[in-house]
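Please have the sequence and the structure open while reading.

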Amino acid sequence: MDQIDKFNRRYNFVSKLSAAFFYAIAVAIALNFFWTPGHMYSSGITGFAQLINSMSERFLPFTISTSLMYFVLNVPLFVLGWVKIGHKFTFFTIIAVVLGSIMMKVVQPLNVHWDPLLCAIFGGTINGIGTGFALKNGISTGGLDIIGIVIRQKTGTSYGKFNILVNLVIIAAAGFVFGWTRALYSALTIFINGRVIDSVYTQHKKMQVMIVTEHPQPIIDGIQDKMHRGITIIHDAEGAFGHTEKTVLITIIDRYDMYDIRQIITQADPYAFVSVSEVEKVYGRFKEQEIV
């Protein structure tokens, strides 16, 4: 048993480290291959770091690099993550940010003139994949990731939607300082980035499952034993076609639980009617998967 635990810990460490490195490569490619040549701004702390870099080039006698500001702006957020989220989570967040800063410096910008639309689409997609993959492996990429997770834990708000709303500040700044054409493409890449994050990082998405069955108890036992979810039971339902007595079960699950609940229902009652819908918010008791 100890050997299995050691293997699992090593595997988790390697997977998180790999996710951090993958994110670092993704953000460096998005920044230096697409956003910088396309003269547009990213979301979150990366976008603020780009803005400071651009303003220093224009208004100051020296230039503050994006990679340096990306790290500096993240430092106070490390403290927030350490206190509010978890020590291991924050440790790997620091690794991801440090690797990201290094890769931004190592991967040199391309001296090309891409179509701005192409830059917006590919930049947002690549960074979104990297960020979503990191979050899916239990680490943050710093910045708004940390703030978004803290707010999600308190309110249940979707991370991607929060990301889009906060980044309106960056769009406005880009528009006022550097022109509204840049702001338009920055808005597009931020929107794509947020949607891709939500597509890759699905752990925070909640699903409502309604089950109409003639054999409720095996399904109830399976959900409670394997998934530890609460269930609302509605007795004395009646099917309109056969006028048979039914029981309606309603529960809320993470999207990651979909495979398990389907297996439970299929084994207990292959003829059960199941309806699944995405939930915007959950109030009351709901056990979130812990972030450590």
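The model is predicted: local features need pLDDT of at least 70, side-chain atom pairs count only at pLDDT 80 or more, and totals for chains, interfaces and linings use all residues. Residues are numbered from 1 along each chain as its sequence is written, and side-chain values use heavy atoms, without hydrogens and water.

**Whole chain**
- The protein chain has eleven helices and four strands (DSSP runs of H or I, at least four residues, and of E, at least two).
- Of its 292 residues, 47% are buried (under 20% relative accessible area, 1.4 Å probe, protein chains only).
- Contacts (heavy atoms within 4.5 Å) between residues at least 6 apart in sequence join residues at least 24 apart in 75% of cases.

**Threonine 213**
- Threonine 213 lies in strand β1 (residues 206-213).
- Threonine 213 counts as buried because its relative accessibility is 1%.
- Its side chain makes a polar contact of 2.5 Å with the side chain of aspartate 269 (a donor and an acceptor, N or O, within 3.5 Å).
- Leaving out residues up to four places away in sequence, threonine 213 touches residues including Ile219, Lys246 and Ala272.

**Helices α2 and α8**
- Helix α2 (residues 44-59) packs against helix α8 (residues 168-178) at about 15°, with axes 10 Å apart.
- The two helices are therefore roughly parallel (angles under 35 degrees).
- Residues making this contact include Gly44 and Phe48 of α2 and Ala173 and Phe178 of α8.

Methods
Buried means under 20% relative accessible area, exposed over 50%, partly exposed in between (1.4 Å probe, protein chains only). Axes are lines fitted to C-alpha atoms, for helices over the stretch in contact, and angles run from 0 to 180 degrees between N-to-C directions. Angles under 35 degrees count as roughly parallel, over 145 as roughly antiparallel, 65 to 115 as roughly perpendicular and the rest as oblique.
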